[in-house]
Amino acid sequence: MITRQAGPDDGPALASLDRNNTAYPWSQEQYLTLCAGANPHRWALVAEAGGDGLQGFVACEQVLDEASILNIVVARASRGRGLGRALMAAALRRMSEAGVRRCHLEVRASNDVARRLYATLGFAETGLRRGYYRDSGSREDARVFSLRLDPDPDIPESETMNNSQ
């Protein structure tokens, strides 16, 4: 597995991965805009596995010295192998190198797997957004997590799975 910066040609693949692996995907237009680099403060890292192609990605946004994880998706067939952790570690490393001091994210209250992952990466739950997610007439709360990044975070290089950009 390698991680790399998403490029303009990756938009359709990110949209497809999201659509085929999550219940509430972003639109293809959102991914085309993200990958086109139209907003220099928004970017994505992708994880590829040889002949299996794109297996996951993390989308991020930076504003001054703070950043947000906007979305993270891992193909169902690749879950449970540490790919989400590797993508998060690579994103946090890039944020730290860019001078980010704090990273935030929201996660569905029902997503226990993701909440455990974020906790093991050092994120602390800092808030609750009631009814944040709207789905077919129902609403779900979001748990807000934050992580203070040190100038040189102690995230082992091995967790980025042969990180290359």
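**Salt bridges and burial**

A network of salt bridges links Arg4, Asp10 and Glu48. The model is a predicted one, and a search of the whole structure returns 8 salt bridges.

**The network around Arg4**

- Within the network of Arg4, Asp10 and Glu48, the side chains of Arg4 and Asp10 form a salt bridge with an N to O distance of 2.8 Å.
- Arg4 has a relative accessibility of 22% and is therefore classed as partly exposed.
- Asp10 has a relative accessibility of 11% and is therefore classed as buried, the cut-off for that class being under 20%.

**The pair Glu61 and Arg42**

- A salt bridge joins the side chains of Glu61 and Arg42, at 3.1 Å from N to O.
- Glu61 belongs to strand β3 (residues 53–63) and Arg42 to strand β2 (residues 42–49), so this pair ties together parts that are 19 residues apart in sequence.
- Glu61 is partly exposed, at 21% relative accessibility.
- Arg42 is likewise partly exposed, its relative accessible area being 34%.

**The pair Arg115 and Asp112**

- The side chains of Arg115 and Asp112 meet in a salt bridge whose N to O distance is 3.5 Å.
- Both residues lie in helix α4 (residues 112–120), and because they are 3 residues apart there, about one helical turn separates Arg115 from Asp112.
- Arg115 is partly exposed, with 22% relative accessible area.
- Asp112 is also partly exposed, with a relative accessibility of 41%.
- The class of Asp112 follows from its value of 41%, since partly exposed covers the range between the buried limit of under 20% and the exposed limit of over 50%.

**Leu92 in helix α3**

- Leu92 is located in helix α3, which comprises residues 83–97.
- Leu92 has a relative accessible area of 1% and is therefore buried.
- Leu92 and Gly80 are 12 residues apart along the chain, and their C-alpha atoms are separated by 20 Å.

- The salt bridge of Arg4 and Asp10 pairs a partly exposed residue, Arg4, with a buried one, Asp10.
- In the salt bridge of Glu61 and Arg42, Glu61 is partly exposed and Arg42 is partly exposed.
- The salt bridge of Arg115 and Asp112 lies within helix α4, whereas the pair Glu61 and Arg42 connects strands β3 and β2.

How values were computed:
Residues numbered from 1 in each chain as written. Predicted model: local features only at pLDDT ≥ 70, side-chain atom pairs only at ≥ 80, totals over all residues. Heavy atoms only, no water. Salt bridge = Lys/Arg side-chain N within 4 Å of Asp/Glu carboxyl O. Buried < 20%, exposed > 50% of the residue type's maximum accessible area, 1.4 Å probe, protein only. Helix = DSSP H or I, 4+ residues; strand = E, 2+ residues; numbered from the N terminus.
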